[in-house]
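Hello,

Here is the structure for you to look over. My notes on it follow below.

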Amino acid sequence: MTELVPVDALPARDPGSEKGAASLDLVRAWLKSVKDNTRLAYADAIGFPYHLATDEDRDFNTLRNGATWLAWCARNRVQLLDATREHVVEWTEVLRTARNSNPPHALLSAATRAHTFTTASSFYRWAVEAGYTAINPMTTVNRKNLGVMLAKSPSATRCLSEDEAGRLRAAADEDPVEAVRLRSSALVAFLLDLGVRIEEALSLRVAKMGWQDGFRVVWLELKGGTPHPMTLPPETAARIDRYLESRGYGKLVAVVGAEGAPPLLFATATGRQVGQKEARALTVRLAALAGIASPGDVTPHALRHTHITELQRLGYDDTTIQKHVGHKQVETTQRYGHHIRALADSPALKAAAAFEKAAKRHKPGGTR
């Protein structure tokens, strides 16, 4: 780990300029947009002082870890929004040779370099979306060639077989808890048939449903606020319509809820948003009713995983699936079902079958 760098060494633009200041204040604004449980991890990776990330009243005046992007920019007097491809390349060379403190004198691992780079890129992606700059310099280089790309491992999330998915769907349609049966039926079908993230499904309002060119569609809001239309299959639409009718709404809901906004598509009895914990408890409970092994693993995200894997089984290419489910990068899509298909074709299955066949020949009554 290289030496620390004074905070005030990081150049800042003229506060009176069109884009305003772009130093620690801008990074702090980005960190405040990050979820609490990842804020400190991001702050550490980009080199932001902890006391500023946590609003603690402590007298730190240095940037963390001199190999981070903020410290490198400060040491080389590079203003954040003026960073170029050449600057990024020079920085990655520093990452290659930077030493860690634990274990002492060891080079930074590939995972650490990749995480550090990805975090810096996340900052610029936010800055572009917020209008502070037009370019993310981290996207102008080949990450693999520079040693800052970490191969994504297969997702360990549970994936249901086609039969298990059908059993879960049937269990939702016949939910013994009558008060939520129609909602269970609609929500499980929505998650399985569209592969939607649970947070996107639960925040969706009925006004986002409509028609386009003869198809029922639903407009989702992906991470970062990007609008994303998806075709609503007739089977899913029918379950949603039954659920909405039970709440007194028609197929095209234009009513305004009690809080001045269109009602939520999936709501509690009082019209409030269903919590993610409640949704997880629902899928686990229904999986148990359906007789699915290890029902505790059948989470809402497992249904998204199942949807993506089924599309891969049906022969859709990863780029098409990426656009369909709203992944920002195709590498994320590639983490999903390919290894599931490999499990079905595992050489271990054939080897075990051969050994079992041989064993039977040596059992009483076996054919030698």
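Strand E5 and strand E6 (residues 215-221) run antiparallel and are joined by four bridges. Two strands pair if DSSP finds at least two bridges between them. Helices (H or I, at least four residues) and strands (E, at least two) are DSSP runs, numbered from the N terminus.

Before the rest, a word on the source. This is a predicted model, so local features need pLDDT of at least 70 and side-chain atom pairs count only at pLDDT 80 or more, while totals for chains, interfaces and linings use all residues. Residues are numbered from 1 along each chain as its sequence is written, and side-chain values use heavy atoms, with hydrogens and water left out.

Back to the sheet. Which residue of E6 is the bridge partner of Gln212? It is Phe215. Trp211 stands opposite Arg216 in E6. E5 and E6 form a hairpin with two residues between them. Asp213 sits in that turn. Phi of Asp213 is near 55 degrees, a positive value in a residue other than glycine. Asp213 counts as exposed, because its relative accessibility is 77%. The classes are buried (under 20% relative accessible area), exposed (over 50%) and partly exposed (in between), with a 1.4 Å probe and protein chains only.

E6 also pairs with E7, again in the antiparallel sense, over five bridges. Val217 stands opposite Thr231 in E7. Together the three strands make an open sheet with the order E5-E6-E7. Strand E5 (209-212) and strand E7 (227-231) stand at the edges. Each has a single partner strand, so one side of each is left without a neighbour in the sheet. The twist averages 40 degrees from one strand to the next.

**Two helices in contact**

The axes of helix H12 (residues 300-313) and helix H13 (residues 318-325) come within 10 Å. They cross at roughly 150 degrees. Axes are lines fitted to C-alpha atoms, for helices over the stretch in contact, and angles run from 0 to 180 degrees between N-to-C directions. H12 supplies Arg304, His307, Ile308, Leu311 and Gln312 to the contact. H13 supplies Asp318, Ile321, His324 and Val325. Contact means heavy atoms within 4.5 Å. By class, the contact of H12 with H13 has four nonpolar, three polar and two charged residues. Here Ala, Val, Leu, Ile, Met, Phe, Trp, Tyr, Cys and Pro count as nonpolar, Asp, Glu, Lys and Arg as charged, and the others, Gly among them, as polar.

**Two loop residues**

Pro295 lies in the loop between helix H11 (276-289) and H12. At 24% relative accessibility, Pro295 counts as partly exposed. Leaving aside neighbours within four places in sequence, Pro295 touches Val284, Ala287 and Ala288. Pro295 and Thr283 are 12 residues apart in sequence, and 8.2 Å apart from C-alpha to C-alpha.

Arg77 is in the loop between helix H4 (69-75) and helix H5 (85-97). Arg77 is not a glycine, yet has a positive phi of about 55 degrees. Is Arg77 buried or exposed? It counts as exposed, at 54% relative accessibility.

**The whole chain**

The chain has 16 helices and seven strands. Of its 368 residues, 41% count as buried. Among contacts with a separation of 6 or more, 56% join residues 24 or more positions apart.

Best wishes
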